[in-house]
Amino acid sequence: MNIIIVGCGKVGKNLAEQLSEGGNNITVIDNRPDHVSDTTERYDVLGVVGNGASHAVLEEAGINNANLLIAVTGSDEQNLLCCLIAKKAGGCQTIARVRNPQYYAEAPYLKEELGLAMVINPEREAAEEIARILRFPSAIKIDTFVKGKIELLKFKLPEDSPLCGMAVREIAPKLHCDLLVCTIERGEETFIAYGDFCFQAKDIVSLIADPKTAITFFRKIKHKASPVKDVLIAGGGDITHYLCKSLEKTGIGITVIEKEQKRADALSDTLDNVNVILADAINQEILMQENLDKKDAFVSLTNLDEENILLSLYARSVSQGKIITKINRIDFDQVIDRLDLDTIIYPKNLTSNHIIRYVRAMKKTIGTNLETLYQIIKGKVEAAEFIVADECPLTSAPLMELKFKEGVLVAAIFRNHKVLIPRGSDRIQVGDSVVIVTNQMGLHDINDILR
C-alpha cells in the first residue's frame, strides 16, 4: 500500500517504522527538515519537507496514488485539514489524530462530513485501557476481542503463586478453568506456552479466557479479581478527564490531585462525583494526607515522565494497591520496563497500534477479515482476531489434522454467542471469530498460519 504520514513526531516515526517493515510504501511529510531527514535516514521511507495541509506538498508526496493518509501532527486543526484536502485531491482513506475533548466529542460528525476512516484520540485510548485495568487490578494489561467477549490478560506471578512449578497442561484439570495460556516472559526470553512448560516466580504470563472464567481463575490462584474501590490520581490532564468520566459510572471513589488552579476548577465543574485537590502531587505529605497508603489504586498522569516514575516508585514503597504509570516517551521503554512499575501506559504506542491495526485490516483477503490486532510482546508476539467469512483451508479439517507453522496457537473461537477454548478435535467453521496468537509477525490472512 502507498501511505502518506503527515507529522514526524514520536507517533509518526513509530508508524513509519512499523508500516515500512510491513511492506508498505511510506512517504512522510513535516515542515521541520531535521525531523524528515532523521526519519528517512532511520527507516526505508521517502520524505517531503513542507506543510501537509498544502495541496502542492501533498501532490509532491504522491497523494494521487496514495491508498491512505495518516495525519498525526501536534495540531488537531491541521490534522483535520490535511485529511480534508487529501480526500478531495486523491480520494484516499484518511485517519486524523484528534486530542481536544471538544473536537473528539464530535468525532461521528467529523467522520461523516470529512469522510474520515478513523478519528483517534490517544488520551481517550489511554483512559479506556486504565479503566479496564482498574476493573481487574491483578492484570498488568488487558486486551479485548469480539467486543469484550474474549479477554487477553497479562499478569506477573508472585513468589508464592500456586502456579509456580505447575505445568501449563495442569491448569485445566487442577483448577477446572477452561482457558489458554499463550505466552510466558522470563527475563529477556519469550516462550509460546506449550503444555509441558512449567511456571516460575516473576514470570509474566499472558492468557486468553472469557471474563467470567478469568475472574474464577484469578480467585483460585489467590490474585485480586474484584475492581478497585477507590483510586488516587496525580495530574488533571485530558487522560484524567476521560478516565474520571468512565469511572464515575462504576461507583469507584476518585480523588484527583492537580496543581494548576484553572485545570482543577475545570475538573471540578465537569465531574460531579470526583474529589479534586488543588496541590502538587510530588509532595509526599499531600499524598499521605490523601491516604495513598490505603487506596486500592494510584495512577500517575502528570505531564512529566520523570515525575510519574518517581511518584509510582514512592507509591509502591508505601502502598499494596494497584500502580499505573503514564509514560509519554517511547525511546526508553526497555529501560523503563526493568523498573518493575506494575502497569505502564504509553499513549503514543496505543495510537500507533490502533492505526496499524486498521492498515492491516485494509489488506484483508477474500474469505477472512482481520478485526482486531494487539502486540502481546512488542516486536515478538501478537494476537489477531479474524472473522472466517467463507470456506478456506482452515475449515477443511479438525485442528489436529492441520499443519500449523511453528509458534502458532489457535487461542479461542467465538461461535453462537459462546467462547470456545479449542482442542485438537474442534474445527473452525464459517462465521467463527478466531483469535490467533503467534510469533509469526505481520499476518494479514488467517490462512497464513498454515505451512
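## The second largest pocket

Strand E20 gives the largest share of the lining of the second largest pocket, three residues. Strands such as this one (E, at least two residues) and helices (H or I, at least four) are DSSP runs numbered from the N terminus. The model is predicted, so local features need pLDDT of at least 70 and side-chain atom pairs count only at pLDDT 80 or more, whereas totals for chains, interfaces and linings use all residues. Residues are numbered from 1 along each chain as its sequence is written, and side-chain values use heavy atoms, with hydrogens and water left out.

Pockets and cavities are found on a 1 Å grid over the protein atoms alone: a pocket is an open set of points with protein on both sides within 12 Å along at least five of seven lines, a cavity is a set where a 1.4 Å probe fits but cannot get out, and lining residues have an atom within 4 Å of a point. Points are joined across faces, edges and corners, and a volume is the space filled by probe spheres set on them. The second largest pocket has a volume of about 450 Å³. Its lining comprises 20 residues, with Leu180, Leu409, Val410, Pro422 and Arg423 nearest the centre. Helix H8 (171–175), strand E9 and strand E20 (408–415) each supply at least two lining residues. By class, 16 residues of this lining are nonpolar, two polar and two charged; Ala, Val, Leu, Ile, Met, Phe, Trp, Tyr, Cys and Pro count as nonpolar, Asp, Glu, Lys and Arg as charged, and the others, Gly among them, as polar.

## Strand E9 and its partners

Six of the seven residues of strand E9 (residues 180–186) are buried, that is, under 20% relative accessible area with a 1.4 Å probe, protein chains only. E9 pairs in the antiparallel sense with strand E11 (residues 204–209) over five bridges and with strand E10 (residues 189–192) over four; pairing requires at least two DSSP bridges between two strands. Threonine 183 has serine 206 as its bridge partner in E11 and isoleucine 192 as its partner in E10.

Two residues separate E9 from E10 in a hairpin, and glycine 187 in the turn has a positive phi of about 65 degrees.

## Nonpolar cores

A nonpolar core is a set of buried Ala, Val, Leu, Ile, Met, Phe, Trp, Tyr and Cys residues joined through side-chain atoms within 4.5 Å. The largest has 80 residues, of which Leu69, Leu163, Phe199 and Phe217 touch the most other members. Helix H7 (residues 122–135) contributes the largest share of this core, six residues. Apart from it lies another core of 22 residues, including Ala384, Val388, Ala397 and Ile449.

Leaving aside residues up to four places away in sequence, leucine 163 touches Phe155, Leu157, Ile171, Leu175, Phe199, Phe217 and Ile221, where contact means heavy atoms within 4.5 Å.

## Enclosed cavities

Two cavities of 30 Å³ or more are counted. The largest holds about 40 Å³ of space and is lined by Val11, Arg97, Arg99, Pro122, Glu123, Pro347, Lys348 and Thr351. Helix H15 supplies the largest share of this lining, three residues. The lining of the largest cavity has four charged, three nonpolar and one polar residue.

The second largest cavity holds about 30 Å³, and its lining consists of Lys141, Asp143, Leu152, Lys154, Gln375 and Ile376. Strands E7 (141–145), E8 (150–156) and E18 (368–377) are the elements that give two or more residues to this lining. Three residues lining the second largest cavity are charged, two nonpolar and one polar.

Note on methods
Buried < 20%, exposed > 50% of the residue type's maximum accessible area, 1.4 Å probe, protein only.
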